[in-house]
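Hi,

Here is the structure I promised to pass on. Have a look at it first, and then read my notes below.

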Amino acid sequence: MDATPLCLFWKGFTVAHHEFLDPQTLRLQLEPDDRIPPVCSGCDHACFLVHDVHRRRVREAPLLIYRVELDVPVRRLRYPLCGPTRERIDWLPGRSPVTTTLRQWVERLVTLLPIRHLITHVDQPPSRQSVLN
């Protein structure tokens, strides 16, 4: 059983590596979890035949004071009935550049904050000083 708290965020993936791009930006490199089989996006069946893998960079909701970028390996599967299809990743819909968590976070903030304030808030996470106050 994985005891790291980050295993709760990205179902089917584990954090393999992290790096700080600047003092407020964190990039997490994810790798597929071997215990969870990939699922065909066409028919929702588990498929172990991987056609190819490409990496995508997507934005995630801020984590504490850090802006988070994910480096996600997306597998294309060869399911016999559906042909080559992309694996279904529940928290990363289609070809979206943002995760479902970030989209929902922004949707909730839109009801609370003016758009101009929201844009600056999403582009740059709060500084350490504002978090402590």
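Predicted model: local features only at pLDDT ≥ 70, side-chain atom pairs only at ≥ 80, totals over all residues.

Residues are numbered from 1 along each chain as its sequence is written, and side-chain values use heavy atoms, with hydrogens and water left out.

Now the overall picture. The chain has five strands and three helices, in the order β-β-β-β-β-α-α-α from the N terminus (DSSP runs: H or I of at least four residues for helices, E of at least two for strands). Of the 133 residues in the chain, 32% are buried. Taking contacts (heavy atoms within 4.5 Å) between residues at least 6 apart in sequence, 54% join residues at least 24 apart.

Back to the rings. How many aromatic pairs does a search of the whole structure find? There are three, counting Phe, Tyr and Trp rings (for Trp, the six-membered one) with centres within 6.5 Å; planes under 30 degrees apart are stacked, over 60 edge-to-face, and the rest tilted. One of them joins Phe9 and Trp10: the centres are 5.3 Å apart and the planes at 40°, so this pair is tilted. Phe20 and Tyr66 make another tilted pair, at 5.4 Å centre to centre and 55° between the planes. That pair links distant parts of the chain, since Phe20 sits in strand β1 (residues 13-22) and Tyr66 in strand β4 (residues 66-79), 46 residues apart. Phe20 is partly exposed at 47% relative accessibility, while Tyr66 is buried at 17%.

Last, the surface. The chain exposes about 8700 Å² (Shrake-Rupley method, 1.4 Å probe), and carbon and sulfur atoms supply 58% of that.

That's what I have so far. Happy reading!

How values were computed:
Buried < 20%, exposed > 50% of the residue type's maximum accessible area, 1.4 Å probe, protein only.
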